[in-house]
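Thanks, everyone. I have one structure to go through today, so let me put it on the screen.

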Amino acid sequence: MLDFDGDGNMDLFLTNGAAFPSLRKTDSSYYNRLLRNRGDGSFEDVTDKAGLNGKDLGYSLGAAAGDFDNDGYPDLFVANLGRNSLYHNNGNGTFADVTAASGLNTKPDDVISIGGAWFDYDNDGLLDLTVSDYVHWTPAMDKECALKGVIGYCSPKMYEGSPTRLYRNLGNGKFEDVTVHSGFSKYTGKGMGIAIADVNGDGLMDVFIANDTLRNLLFINRGGGSFDEAALAWGVAYNDEGSSVSGMGCDLKDINNDGRPDLIYNDLMTQLFGLFRNVNGKRFDSIGATSGVERLSREFSGWSMGFVDYDNDGWKDIFSANGDIDSAGPHSKQASTLWRNMGGSRFEDVSARMGADFLVPGYHRGSAFVDLNNDGFMDIVVTNLNEPARILMNSGNGNHWLLLDLAGTQSNRDAIGAQVDLTLGSGQVLSNHVTASVGFMSSSDRRVHFGLGKERVVKRLQIRWPSGRVQEVLDPAVDRILRIQESN
């Protein structure tokens, strides 16, 4: 999701894979798509005009939107089998492929990149990029595996993993591969989802990686360009049974409004989705069992997921895009799920209340949260293997809201990493932060959403910008999009 043309409406960029043996080289039905939001409930395909069809890429997976040069227009990183791509937004409706000159082409050609996340790890005002790399694989390296005589996917355990990559933004469109210097290179993973947040409250953004069949990774930012891997010490390396899982999507957001980001990830059936409460910025405690998430998730294979306050009651709920691997039998297609937050510590399944369109089964994969019609209620876009993407529009319920569109001046223009605390008239404090990296292979609306329930009064907004500046807005009106620029 990105507002590529700056008209206030969030647009949609979709990546497409390909069928063997073509790998998309000659079949335009597999090209990537940029769909411009007209603002009236319809979209216009502007892919070719924008220069984003990606016909030369072969096979695209994830995408991440971020304004890496602070010119006010979001740019695009696309993760691929083979070379990754960086597209600069020219500000006139077109994009330029600047990959070759950017310095982002440092990964081996046989590594599959799943997705990326923009964040300013050194707080220099420029967005850096981390890339979730999966395994070493090419069509020539593919192995043939069968179960009861039926050919299907081999286990990821049969392929060599790869470290998560980190690129520092040097300015002027140049990036430096700091994977080794940062400490990321020490840890081989099979990276899937990426979640970004300041988990220990030191003003530096940290990185969680959900891994497939290997333990998860949590990189704690120590400043000076270095990170410590601390997933085991923080209690999020394994599931409650002490096992590594097929980690897929993940998110870091505050679910109990204590001002600290909590963690969730999903995985395959019976592996137990993980939900962890942040304890004083020092560790995570598993609450999967007590919250009901383990019970609710047991029969599902989840891919993209995240926290989203769908009913605007002030408590972030859980969405999971589900579907097993497409060779797992007649029940592989699954409906997505929505679990309502019952006050910060327990969740209930409200999927059946979402209507027939929500309950359509599929091989769901990516998902993004976005307010497509700017009505203050978050909508969801979900991708589906071998079928069209689906847009799930939120009908709303009358609860109040605020949507904050923050712009950094000393901080990065996208304000990625800014922490926002909102004090209601009742005295309750709601917490959120700016990030677009949510789920699996996906990039969500970076605007900060707050559901306010029946509250009509907001006493104060406090914004802690990545630069360290603290800014307050008193008595803002509700039920609107509020654009705030970082003060000097």
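Which backbone oxygen lies 3.4 Å from a polar atom of the side chain of Ser-332? That of Ile-325. Before going further, the provenance: this is a predicted model, where local features need pLDDT of at least 70, side-chain atom pairs count only at pLDDT 80 or more, and totals for chains, interfaces and linings use all residues. Residues are numbered from 1 along each chain as its sequence is written, and side-chain values use heavy atoms, with hydrogens and water left out.

Back to Ser-332. Its place is in the loop between β25 (317–322) and β26 (337–341); strands here are DSSP runs of E, at least two residues, numbered from the N terminus. Ser-332 has a relative accessible area of 1% and is therefore buried, meaning under 20% with a 1.4 Å probe and protein chains only. Leaving aside residues up to four places away in sequence, Ser-332 touches Gly-323, Asp-324, Ile-325, Gly-362 and Tyr-363, where contact means heavy atoms within 4.5 Å.

Next, the cysteines. The whole structure has one disulfide, defined as a pair of cysteine sulfur atoms within 2.5 Å. The partners are Cys-145 and Cys-154, with their sulfur atoms 2.0 Å apart. The link of Cys-145 and Cys-154 is right-handed, at 105 degrees about the S-S bond. Both Cys-145 and Cys-154 are buried. Cys-250 also counts as buried, because its relative accessibility is 0%.

That is the tour; questions are welcome.

Methods
Helix = DSSP H or I, 4+ residues; strand = E, 2+ residues; numbered from the N terminus. Buried < 20%, exposed > 50% of the residue type's maximum accessible area, 1.4 Å probe, protein only. Polar contact = N/O pair within 3.5 Å; in protein donor to acceptor, adjacent residues only side chain to side chain.
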